[in-house]
Amino acid sequence: MFQDRTIVITGSARGIGKVTAKNFLNKEATVIVSDLDPIQVEKTVHELLRIGKGKVFGKLCDVRDKAQVKELAEFAFQTTGRLDVWINNAGIIKDDLLLRMSEEKWNEVFDVNLRGAFFGTQAAAKYMIKQEYGRIINIGSVSGFYGNGGQANYSAAKAGLMTLTKSSARELASRNVTVNCVASGFIDNDFAANVPKEARQKILDTIPLKIDRNPEEAVSSAIHFFASEEADWITGATLRVDGGMMIGF
């Protein structure tokens with residue numbers, strides 16, 4: 001299904017991005033791993049090469065820098081001659097209570113989680129419009145639905161990402177480019193390392209589905225769906241992948 005597809009994943013040296021890169025390689029796609037840390041990017045690329053399927057390349061990129069994002073898209077196209085799937089996955093958290101939150105923390109989170117996705121969507125769309133095919137997938141969060149306490153910056157950025165998804169989808173639909181969003185639930189990985197153990201357990205207790213499933217794999221499956229031909233008539237949608245955590249929102 002993805003043998004002739006080129007897939008760019010920002011923030012993919014670890015976490016959801018890395019799992020997603022691995023799954024696309026197993027489908028024999030060409031994957032561009034992108035992240036900030038050169039050591040981690042190199043380590044991840046070497047690890048993924050051992051899969052022995054598809055092709056994988058590494059490219060450093062700070063999504064806060066429009067020029068670097070444009071270079072990433074150009075690298076993908078020049079390397080393979082195509083740019084089929086772009087996944088805006090890079091994200092950070094800088095949590096604090098509203099009254100204590102600094103302007104710096106607010107701006108840092110918006111620059112990566114929303115501004116970076118805006119740059120990525122622009123850069124990818126340039127190539128996808130010309131080839132009249134493309135899939136842009138934004139990685140959101142259920143925090144964008146309900147506004148998590150202590151995460152005014154993150155929740156607002158992820159809510160904005162869902163609206164960016166809708167606006168982009170409307171503008172690009174005529175050129176057979178879809179834009180969708182996967183809203184991830186709580187994932188107990190290094191991204192949530194600063195969440196206290198007691199608070200982490202309270203969050204996990206709110207998830208109705210108790211099946212033994214790696215949440216990163218579940219999110220990756222949703223990304224895979226939006227990138228596939230099965231989703232060719234779906235655009236502007238946000239799919240919650242949260243084990244039922246946000247039922248009713």
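Which residue's side chain does K94 meet in a salt bridge? In this predicted model, where local features need pLDDT of at least 70, side-chain atom pairs count only at pLDDT 80 or more, and totals for chains, interfaces and linings use all residues, the partner of K94 is E108, at 3.7 Å from N to O. Residues are numbered from 1 along each chain as its sequence is written, and side-chain values use heavy atoms, with hydrogens and water left out.

A salt bridge here is a side-chain nitrogen of Lys or Arg within 4 Å of a carboxyl oxygen of Asp or Glu, and by this rule the count comes to 12.

Accessibility is described as buried (under 20% relative accessible area), exposed (over 50%) or partly exposed (in between), with a 1.4 Å probe and protein chains only.

K66, K70, K126 and K130 form a positive surface patch, a patch being made of residues with over 30% relative accessible area and no salt bridge, where like charges are joined within 9 Å and nonpolar side chains (Val, Leu, Ile, Met, Phe, Trp, Tyr) within 5 Å. K66 is partly exposed, with a relative accessible area of 40%.

Terms used
Areas by Shrake-Rupley, 256 points an atom, 1.4 Å probe, with all protein chains shown as cover. Lys, Arg positive; Asp, Glu negative; His and termini not counted. Charge placed at Lys NZ, Arg CZ, Asp CG, Glu CD.
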